Amino acid sequence: MAAKYILKLYITGQTVNSEKAITNLKAVLDTQPKGLCSLEVVDVLKRPQLAEEDKILATPTVMKVSPPPARKIIGDLSDKEKVLSGLGLTVEKKKGQVQHNPAYAKQQKRNTLCESKGAQKWPRN
Amino acid sequence: MAKKLSKVASGIPGFDEISHGGIPQGRTTLISGISGSGKTAFSAQFLYEGIVEFGENGVFVTFEESPRDIIRNTESFGWNIDKLIKENKWAFVDASSDDSNSVEVGQYDLGAFIARIAYAVKKVKAKRVAIDSVSVLFTHYQDPGAIRRGLYELIANLKKSNVTCVMTAERLIEDGEISRYGVEEFVSDNVMLLHSRLNAEGERERTVEILKFRGSTHDSQEAPVLVNAEGMAIYPRLRPALRGKVFSQKISTGIKGLDTLLCGGVYENSTTLITGASGSGKTIAALHFIMEGAKRGEKSLLVEFEESPDQLYRNAKSFGWDLEKYVKNGLVKIVCHYPADLKAEQYLKIIQDMVLTNKIKRVALDSISDFQRIYNERKFRAFVIGLNTFMKMSDVTSILTNTTSQILEVTEIAETHLATTTDNIVILKYVELGGRMHRLISVLKQRGSKHEKDLMEFEVTTETGIEILGPFRDVENLMSGSARRIRRIGEEKAERDFIQEAVAGRI
């Protein structure tokens, strides 16, 4: 299954902030179902043209490329709650149980329903 | 001995003069100004001229306008930035995105920003960088500490790569703090201000002022800035420099009798003010001067604010002078304008360019008082001083005409500052006497030479133009406006007798 969440993390070499951001973001993504999110780490020192294309100024910046709307979270991502809400992900308060945000979950449910029935795709609004 | 700091010529007309060579090389210079003071235009032109004039490629970092907007806005100057981008001479770092949908979580720095600039500099092998305007960073991000550290690092990096950088900053009000958010503390070595103020007449006036270039000289005065069809131009104020060459050679004014009054004409390199009421013959005197130069093969310039070239040709023709011929063969240049068309600085620049490119030796300006109507006293004075200074330094002999408002009244010249800045003063005057208008000419002063003090009567004839008839004696109080014939002994009695005879009906 292709990842539903495509994330890009821009960092600057091996600075303290870069290391922290990678660790923190990975910790957040670990709370999500496997395969839901894909993460690409971009070092602006090695690939500055990508930063130019995405108009990144501050590092670290994590960018939600899809699903829209595109969002950016700037900083070392030390606050897990803020990162999750910033990316539109949620964590169910039950122990270890993870749930996506309601809208996403609903869509997900519809898709599975359609696929299992072999019927045509659910019309998108 | 300390090595003198070198500068990079900006290529912005006039700026390299006031900055004594341009922007400090390999450094960052802060340009601060309120909104609309020309910061973007200045920084863009610094890059553009760098590429076009000096072959130095540039990177433009834009925060406020998108690259597309900048390209479009500068098209009116005839610039083709698109082409320069394709030729890999100009690169944009587009920092204009709005980060309103971003959140800040924890510590960050400006690593990506710095890396992007470094990348662009490397890509086009840039020698010049413009950042417009850095103040936006402070509004985009909540951690001023991170911005400060980032800017320090950026400036250090640019210095390391020996790139000359201009960085603009927003100012909230004129005459307030140098810049919003105290940006000047990062780039304290070189600071310039762009001013934009309303003057007493309600016109917006833009000027540039260099506050400091550490370790290097510059003009400390504010200089006017104008944006014209080719872009921004700075008009350095010319100060009265008493360093023009002094000539002992006299040249003819073209009016024979006047040359005699002046004891052989005017000194080369001198400025002569011809003052008189409307219709007193000033434009003809200016034409005399120009025609005389042309006949001698000297290049001459006539700056005319009252008549069109065709009118001038016709008038000259009526005196038998073929002015048009001299204009066609390039000996005479004519600039005709409505005085209000351009600003004083622009006229000054036109005259300067004309004189320098055509190696002009004679200039007649008719009439300087047209400016007096438009400009306030300070500006008029600066214009006259600037003009005279330039003429002196470029060895030009000049005639300025001045129209006085009254036809018969006292001659007024002293209050206009014209008297002290000109070398020679010639007065043209109407006098009413015995029910007839007489035209008089007189030399009021001539620096460095004696001159005749006589009042001479003259006529304007179709053969010769101004023709001086002879001294106008036996009349007093001419200059005060109440001319009276001086009566000779016996004259009064003869007059009385005449009246008596007339009354008696014998005549």
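**Interface between chains A and B**

In the predicted model, 26 residues of chain B and 26 residues of chain A take part in the contact between the two chains. Together the two chains bury about 2,200 Å², of which 56% lies on carbon and sulfur atoms. On the side of chain B, B:Val103, B:Val105 and B:Arg116 provide 28% of the area that this chain buries against chain A, a share exceeding that of any other three residues.

Polar interactions also connect the chains, with 14 residue pairs found in polar contact across the interface, both members of each pair being at pLDDT 80 or more. The elements of chain B that contribute two or more residues to the side touching chain A are β5 (90–94), β6 (102–104) and α5 (111–124), and among these α5(B) gives the most, with 6 residues. By residue class, the side of chain B that touches chain A comprises 14 nonpolar, 7 polar and 5 charged residues.

Salt bridges between chain B and chain A number 2. One of the salt bridges joins the side chains of A:Lys55 and B:Asp94, with a nitrogen-to-oxygen distance of 2.9 Å.

How values were computed
Residues are numbered from 1 along each chain as its sequence is written. Chains are lettered from A and ligands numbered from 1 in the order in which they are written. This is a predicted model: local features need pLDDT of at least 70, side-chain atom pairs count only at pLDDT 80 or more; totals for chains, interfaces and linings use all residues. Side-chain values use heavy atoms; hydrogens and water are left out. Contact means heavy atoms within 4.5 Å. Buried area is the accessible area (1.4 Å probe) that two parts lose on being put together, summed over both. A salt bridge is a side-chain nitrogen of Lys or Arg within 4 Å of a carboxyl oxygen of Asp or Glu. A polar contact is a pair of N or O atoms within 3.5 Å; within protein, one must be able to donate a hydrogen and the other to accept it, and residues adjacent in sequence count only if both atoms are side-chain atoms. Helices (H or I, at least four residues) and strands (E, at least two) are DSSP runs, numbered from the N terminus. Ala, Val, Leu, Ile, Met, Phe, Trp, Tyr, Cys and Pro count as nonpolar, Asp, Glu, Lys and Arg as charged, and the others, Gly among them, as polar.
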